[in-house]
Amino acid sequence: MKQFILLLAAMFVLEYAEAQHMNFGVKAGVNVASLSSSDSSTLIGFHFGGLAEFTVITEKLSLQPEVLFSTQGAKNDTGDLKLNYITVPVMFKYYFLDYFSVEAGPRVGFLISAKDGDLDVKDSFNAIDFGVDAGVNYDITTKIFAQLRYDYGVIEVQKGVPSGEDGSKNGVIQVSVGVKL
């Protein structure tokens with residue numbers, strides 16, 4: 001009986017996914033990253049990765065999960081603080097025109113390396129970062145798109161920041177171009 005229920009559930013999910021309009025794609029772009037602490041300035045980086053976009057309920061609403069490699073951080077007194085993440089944003093998109101949408105959603109980032117100049121400082125930073133992303137998407141053609149997004153970090157990136165003290169949170173402006181496959 002248990003296998004029969006699992007089989008029915010799998011058939012329902014496959015039928016639902018087939019009925020929905022789904023696109024896969026890749027994108028890449030420039031990051032203008034900073035940390036919220038007052039003693040740092042912006043750092044130019046990059047991001048790239050893959051995405052899937054599928055319609056939800058109507059053609060005007062879609063869900064777009066992504067997996068990206070993203071270089072973030074800031075410039076400080078000792079040089080460049082480079083924080084490299086694998087980020088997973090899940091964007092909810094609303095197309096108010098056929099080719100133009102607004103998007104917003106949560107993002108989780110997994111720290112894979114942290115360098116202050118040549119010094120490895122990964123142990124000084126939290127392994128996971130959370131944020132909220134918002135932006136706009138413009139479909140140049142049916143296959144090519146451009147995005148502008150802001151990633152607002154909601155937790156401290158550095159370990160050991162005492163409660164009540166202002167630490168550093170990620171803030172990233174992303175400008176992307178991509179292709180739907």
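A pocket, as I use the word here, is an open set of grid points with protein on both sides within 12 Å along at least five of seven lines. I kept that in mind while going through this model, which is predicted.

**Entry 1**

I began with the second largest pocket, which holds about 240 Å³ of space. Its lining has 16 residues, and I noted that Leu35, Asp39, Asn76, Leu81 and Gln158 are the closest to its centre. When I sorted this lining by class, I found 6 nonpolar, 7 polar and 3 charged residues.

I then turned to the largest pocket, where the space comes to about 290 Å³. Here too I found a lining of 16 residues, with His21, Asn23, Tyr95, Asp139 and Lys180 nearest the centre. Strand E2 (43–56) and strand E3 are the elements that give two or more residues to the lining of this largest pocket. By class, I wrote down 5 nonpolar, 6 polar and 5 charged residues for the lining of the largest pocket.

**Entry 2: the nonpolar core**

Which residues make up the largest nonpolar core? I listed 10 residues in all, namely Leu35, Ala74, Leu81, Leu83, Tyr85, Leu111, Ala114, Val121, Phe125 and Val157. Strands E4 (79–97) and E5 each supply at least two residues of this core, and E4 gives the most, with 3 residues. I set beside this the general remark that nonpolar side chains in soluble globular proteins tend to be buried together.

**Entry 3: the salt bridges**

How many salt bridges does the structure hold? I recorded 10, and I followed three of them residue by residue.

I took Glu66 and Arg149 to start with, a salt bridge in which the closest N and O atoms are 3.0 Å apart. The pair links distant parts of the chain, with Glu66 in strand E3 (residues 58–76) and Arg149 in strand E8 (residues 144–153), 83 residues apart.

Next I saw that Arg149 also forms a salt bridge with Glu103, where the closest N and O atoms are 2.9 Å apart. This pair, too, links distant parts of the chain, since Arg149 lies in strand E8 and Glu103 in strand E5 (residues 100–116), 46 residues apart.

Why do I call Glu66 buried? Its relative accessibility is 1%, and buried means under 20%, so Glu66 falls within that class. By the cut-off of under 20%, I also wrote down Arg149 as buried because its relative accessible area is 3%, and Glu103 as buried because its relative accessible area is 4%.

Lastly, I looked up Arg107 and Asp151, whose side chains meet in a salt bridge with a distance of 3.0 Å from N to O. Arg107 is in strand E5 and Asp151 in strand E8, so that this pair links distant parts of the chain, 44 residues apart. I noted that Arg107 is buried and that Asp151 is buried as well.

How values were computed: Residues numbered from 1 in each chain as written. Predicted model: local features only at pLDDT ≥ 70, side-chain atom pairs only at ≥ 80, totals over all residues. Heavy atoms only, no water. Salt bridge = Lys/Arg side-chain N within 4 Å of Asp/Glu carboxyl O. Helix = DSSP H or I, 4+ residues; strand = E, 2+ residues; numbered from the N terminus. Buried < 20%, exposed > 50% of the residue type's maximum accessible area, 1.4 Å probe, protein only. Core = buried A, V, L, I, M, F, W, Y, C linked by side-chain atoms within 4.5 Å. 1 Å grid on protein atoms, 1.4 Å probe; cavity = no way out; pocket = protein on both sides within 12 Å on 5 of 7 lines; lining within 4 Å. Points joined across faces, edges and corners; volume = space filled by probe spheres on them. Nonpolar A, V, L, I, M, F, W, Y, C, P; charged D, E, K, R; others polar.
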